[in-house]
Amino acid sequence: MSDLEIVHKYEVGDQVAEASYHLTRDSLVRYAGASGDFNAIHYRDDIAAEVGLPGVLAHGMLTMGLAVQPVVAWLGDASLVSGYQVRFTRPVVVDPVDGVQIAVVAKIGQLDEEAGTARIDLTTTVNDETVLGKAQVRVRLP
């Protein structure tokens, strides 16, 4: 007979959440109003082109905020998130007619059995291209 106690059912590599978000130019305007970031590259094609961008871009913090949402939903309690970092690797261009679809997959990248914590690695893509690099969320396991 063993005294082993199973703390949780997770293993490194387990997918814990997945989500997809559709952003439109309207989404960007609403986010600009909420965040106070009215940089014209987020709503004017002519200004975006003038500074050499491929089009109107989603706010980086909007993309970052959307990417962590599947993890928060999986945890069921945002206070279980103890840290979050990303690198912005590719701009998210928002088409004026079709918008853009952002896909997020969250997998366990590291477990600390004794502490009951994990690092959740996010893969965030647009059209199968990664837009956030080293996107990692530190959590206390539910």
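Biologist: How do the residues lining the largest pocket divide into nonpolar, polar and charged?

Modeller: The lining divides into seven nonpolar, four polar and two charged residues, where Ala, Val, Leu, Ile, Met, Phe, Trp, Tyr, Cys and Pro count as nonpolar, Asp, Glu, Lys and Arg as charged, and the others, Gly among them, as polar. Please keep in mind that this is a predicted model, in which local features need pLDDT of at least 70 and side-chain atom pairs count only at pLDDT 80 or more, whereas totals for chains, interfaces and linings use all residues. Residues are numbered from 1 along each chain as its sequence is written, and side-chain values use heavy atoms, with hydrogens and water left out.

Biologist: What volume does the largest pocket have, and which residues lie nearest its centre?

Modeller: Rolling a probe the size of a water molecule over the atoms shows where empty space is left. On a 1 Å grid over the protein atoms alone, a pocket is an open set of points where a 1.4 Å probe fits, with protein on both sides within 12 Å along at least five of seven lines, and a lining residue has an atom within 4 Å of a point. Here the volume, taken as the space filled by probe spheres set on points joined across faces, edges and corners, is about 160 Å³. Of the 13 lining residues, A58, G60, F88, P91 and V92 lie nearest the centre. The elements giving two or more residues to this lining are α3 (60–75) and β5 (129–140); helices (H or I, at least four residues) and strands (E, at least two) are DSSP runs, numbered from the N terminus.

Biologist: Where does α3 kink?

Modeller: The bend at a residue is the angle between axes fitted to the seven residues ending there and the seven starting there, and in α3 a kink of about 30° lies at Q69, shortly before the proline P70.

Biologist: Are N127 and D128 buried or exposed?

Modeller: With exposed meaning over 50% relative accessible area, N127 is exposed at 68%, and D128 counts as exposed at 76%.

Definitions and conventions: Buried < 20%, exposed > 50% of the residue type's maximum accessible area, 1.4 Å probe, protein only.
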